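Hi there,

Here is the model I promised to pass on. Please have a look at it first, and then read my notes below.

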Amino acid sequence: MADAAPGILAASAAWFLAAAVAHGLRYLALAWYADRVAPWWIESVTTALVWVTGLVAIAVGLGAAVCATAWLVQTRRRVYEPGTDPRSRVGLWAGSLVVVVNFFRLPVYLEELRRASPRAPTRSALRRWWAVWAVNICAVALALWRGSGDGPQAAADTVLLTAVAALTAAWAIRETRSVMESFNDPSPRFTRRFIAAGIVDPESAARKE
């Protein structure tokens with residue numbers, strides 16, 4: 001699962017982007033036919049697009065979350081020496097998959113990994129990743145709040161806000177994939193090497209002569 005995480009994340013981002021487009025088309029249809037009855041085929045097509053893309057995006061997103069957690073556990077096991085990881089595997093899985101808890105625990109796990117790993121993203125990159133997820137959570141909460149309202153205007157607003165939430169989810173997943181790739185970057189964070197001038201290896205000098 002850890003090896004499949006980047007591909008699953010890319011697929012998840014693509015499906016959330018498709019869900020955002022589907023909800024956007026649905027909102028345009030609702031706005032265009034706000035004062036009259038929409039043709040049955042437009043109603044059927046937009047409704048089907050919303051449901052199919054939304055359900056598939058959620059299903060693939062759940063799979064991406066599981067694979068990303070497997071990647072986190074495996075990467076920490078690779079970076080830390082055997083038996084030195086301060087977090088248990090059960091704690092990592094719970095802290096990464098339990099909703100609300102993962103919003104506060106995942107940054108801690110990644111910061112610990114960043115400090116222990118010779119190849120890792122900068123702290124500002126992790127902060128940007130966390131901020132994008134915060135924006136997504138706010139968009140989802142706003143869509144759920146508006147969805148509790150009654151009337152056609154509340155329904156239309158919910159469709160639009162759901163499109164925004166799906167778009168920010170795709171953005172957040174892309175940032176997550178970028179962070180994962182930075183931990184697997186073959187180039188170390190510090191590549192500049194300083195060599196003291198005047199130091200010569202006697203054996204190499206003798207071979208040159």
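A residue is called buried when its relative accessible area is under 20%, exposed when over 50%, and partly exposed in between (1.4 Å probe, protein chains only). By that rule, 35% of the 209 residues of the chain are buried.

Some background before the details. This is a predicted model, in which local features need pLDDT of at least 70 and side-chain atom pairs count only at pLDDT 80 or more, while totals for chains, interfaces and linings use all residues. Residues are numbered from 1 along each chain as its sequence is written, and side-chain values use heavy atoms, with hydrogens and water left out.

The overall fold: the chain has 7 helices and 0 strands, giving the pattern α-α-α-α-α-α-α along the sequence. Helices (H or I, at least four residues) and strands (E, at least two) are DSSP runs, numbered from the N terminus.

Helix α1 (residues 5-32) packs with helix α6 (residues 152-183) at an angle of about 160 degrees, and their axes are 8 Å apart. Axes here are lines fitted to C-alpha atoms, for helices over the stretch in contact, and angles run from 0 to 180 degrees between N-to-C directions. Angles under 35 degrees count as roughly parallel, over 145 as roughly antiparallel, 65 to 115 as roughly perpendicular and the rest as oblique, so α1 and α6 are roughly antiparallel to each other.

Helix α1 also holds H23, which is buried at 9% relative accessibility. A polar atom of the H23 side chain lies 2.8 Å from the backbone oxygen of A19.

Next, the aromatics. The structure holds 3 aromatic pairs, where rings of Phe, Tyr and Trp (its six-membered ring) pair if their centres lie within 6.5 Å; planes under 30 degrees apart count as stacked, over 60 as edge-to-face and the rest as tilted. The F103 and F104 rings have centres 5.3 Å apart and planes at 85 degrees, so this pair is edge-to-face. F103 is buried, with a relative accessible area of 18%, whereas F104 is exposed at 53%. Together with W130, F103 and F104 form one aromatic cluster.

V100 sits in the loop between α3 (89-97) and α4 (101-116), and is exposed at 54% relative accessibility.

Best wishes

Terms used:
Polar contact = N/O pair within 3.5 Å; in protein donor to acceptor, adjacent residues only side chain to side chain.
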